[in-house]
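Please look over the notes below with the model open beside you.

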Amino acid sequence: MWHLIELDALLPFIWDQNTMEPTVSAKNLDHAMQASSSTGGESSAIGQFASHAVSSLEYNLVQAPLTAVTQIVDNEVGTNLLPKVQFCDAPKQSKVGTAAWMGDIAGSTAAAALPFIVFHRMIGPGVAAAFETSADYGVMKAMPALGKTAALGAVYGGILTPTSADAKGDFWLERGKNALVSIAALETMTAGSIGLKATGKAVLTNDIIASTLSGAVAGEVDVDGHSLMHGQGLASNKDRFASIAAWSVGSAMGGAANTVHEVLAPTSGIRGVCTLDDMTRLADTTVKPGHPDRYAFESQQANPVKAEMITEDQLHEWYNRSSLNLRHEIDNSLMPIDWKKQIVSGHQDFTYALDALANRPNPKPIGVVYGSARFKENDFRYQRARYIGGRMVQEGYDVMTGGGPGTMEAANRGAYEADGSSIGVVLKLPHEQRGNGYQTLTLKHRNFYTRMENLKKADFFIVEDGGIGTGAEALDTLTHIQCGKLKEVPVYFVGKKHYSLMDNWLNAMEKAGTISPADRKLYKIVDGPDEIFADLNRKKADQAAAQKNSPDLTSAPTDQPKPAAT
């Protein structure tokens, strides 16, 4: 680069100091410069690109936010700090299509990466996947994400975007305009991504593509909005192109971050599963061809027989004896008649249900699934519970639930379609269905407390999303284990985000001294079903190894001394 060499050092070689005529060295230099002009164009273009990219990056990433904040301080406090913090100037306008112009775009796009990373963290990794998981793209579902987007836009535009030196009018009015434009641009990007995913089209639901397209529209909103807000009409094509390019690339980075996040820590807890369709397809993999059809289970339907497998006519002799003794004691009691009925009905519930459970054909270890009764078939959590039920059968377990709709139906359905043992512990209520149509054994109860005790006859428990009833069942199970009334078995809560509040609550109890650290180890919170079965398999392997390594006491030689002769 010839222009970097000091002119004074070149003079003795260019001109004769006495005659000031060009020397031979000057002629040679002239030929060298002409030769370099034919080969040095590329190097010069690279230099211009790099120089403008660096200056644009420095200004947009550091100087612009610093200037914006300093302007606020000067305006509110009355200081004049702005000249002291001017470390670099705004990039000069470059001709469209030149290397310098491309450098400006590259620098501003790179500078936009940081705000977009902050945007991604504020809105929350996995938010896009959460929309797909729920298959709900409605306004109410989108409000939290849109609200965070508006807040970020207000900060970015109102605080971190400098006011133009030639801006006219009130200072905060100008800042308000900047904030409104930034909010509009970021909301366009967020709402656009949600809208494209809502189409269900394979290409448009891709995180990177959806983010890039919505970012391009947001870039146009941003540049035209700022131009219109300051009374300059629509932006020039040059400015519009630069803004669209910066926003598209920056938004694409956010989409790429979502993609990486879903690979490393999938929102659903299951790798490769993001949407309801993904979860449904995974649940379908557990279906065994030729499984029985769903049967009629409501009293008004044609064939309720299978749901009524346990009838009150099937009394055993030992039950008759115990029942007579119990009724004799009750008759002599002074308790109210309602209490007497509760004791008799509870005795009957336990007898029928537990006897049927113990005598079920081909019994295997039982896994109980707790969860909400409100989920429908088109809910991600329904299909996840269906997958859990099917996997339990594949892993060699019987499935037991509360026998109702929602999660209970889904888990029973998964087991039923996998041609396994599907047990429903149902509560008899007036005008309510008995079972859910996917049970091979239905155990009827008239009392909540007997039903809850019946559900504890299990070798492990899985707690899906649920409400008050699910929480009561899960915590009651943990209480039984804690107090030694139930053998210590695995208890799994599915969904770290959903059950983090419960975990924090129990953590506060531990700190307050109301539970022990050992109590916190009675349960495990997992992201997805596969973690459960991996943990169960590890426990199986550990138990098998322990049994293999334990001494066989029945065949061990005895070295007991013989009794001394008297």
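1. Phe493 and Tyr523 are both buried, meaning under 20% relative accessible area, where exposed is over 50% and partly exposed lies in between (1.4 Å probe, protein chains only). Ring pairs join Phe493, Tyr499 and Tyr523 into a cluster. Rings of Phe, Tyr and Trp (its six-membered ring) pair if their centres lie within 6.5 Å; planes under 30 degrees apart are stacked, over 60 edge-to-face, the rest tilted.

2. A note on the source: this is a predicted model, where local features need pLDDT of at least 70, side-chain atom pairs count only at pLDDT 80 or more, and totals for chains, interfaces and linings use all residues. Residues are numbered from 1 along each chain as its sequence is written, and side-chain values use heavy atoms, leaving out hydrogens and water.

3. How many aromatic pairs does the structure hold? There are 7. One of them, Phe171 with Trp172, is edge-to-face, at 5.3 Å centre to centre and 85° between the planes. Phe171 counts as buried because its relative accessibility is 17%. Trp172 has a relative accessible area of 40%, so Trp172 is partly exposed.

4. Why is the pair of Phe493 and Tyr523 edge-to-face? Because the planes of the two rings stand at 85°, with centres 5.7 Å apart. This pair links distant parts of the chain, 30 residues apart. Phe493 sits in strand 6 (residues 491-494). Tyr523 sits in the loop between helix 17 (496-512) and strand 7 (524-526). Helices (H or I, at least four residues) and strands (E, at least two) are DSSP runs, numbered from the N terminus.

5. Now the surface. Val69, Val73, Val77, Leu81, Val155, Tyr156, Ile159 and Leu160 make a nonpolar patch of about 590 Å². Helix 3 (41-77) and helix 6 (139-158) each give two or more residues to the patch. Helix 3 supplies the largest share, 3 residues. Leu81 lies in the loop between helix 3 and helix 4 (99-123). Leu81 counts as partly exposed because its relative accessibility is 35%. Nonpolar side chains (Val, Leu, Ile, Met, Phe, Trp, Tyr) are joined within 5 Å, like charges within 9 Å.

6. Last, the whole chain. The chain has 18 helices and 7 strands. Of its 566 residues, 41% are buried. The chain exposes about 31,100 Å² (Shrake-Rupley method, 1.4 Å probe).

Methods. Patches are made of residues with over 30% relative accessible area and no salt bridge: like charges are joined within 9 Å, nonpolar side chains (Val, Leu, Ile, Met, Phe, Trp, Tyr) within 5 Å. A salt bridge is a side-chain nitrogen of Lys or Arg within 4 Å of a carboxyl oxygen of Asp or Glu.
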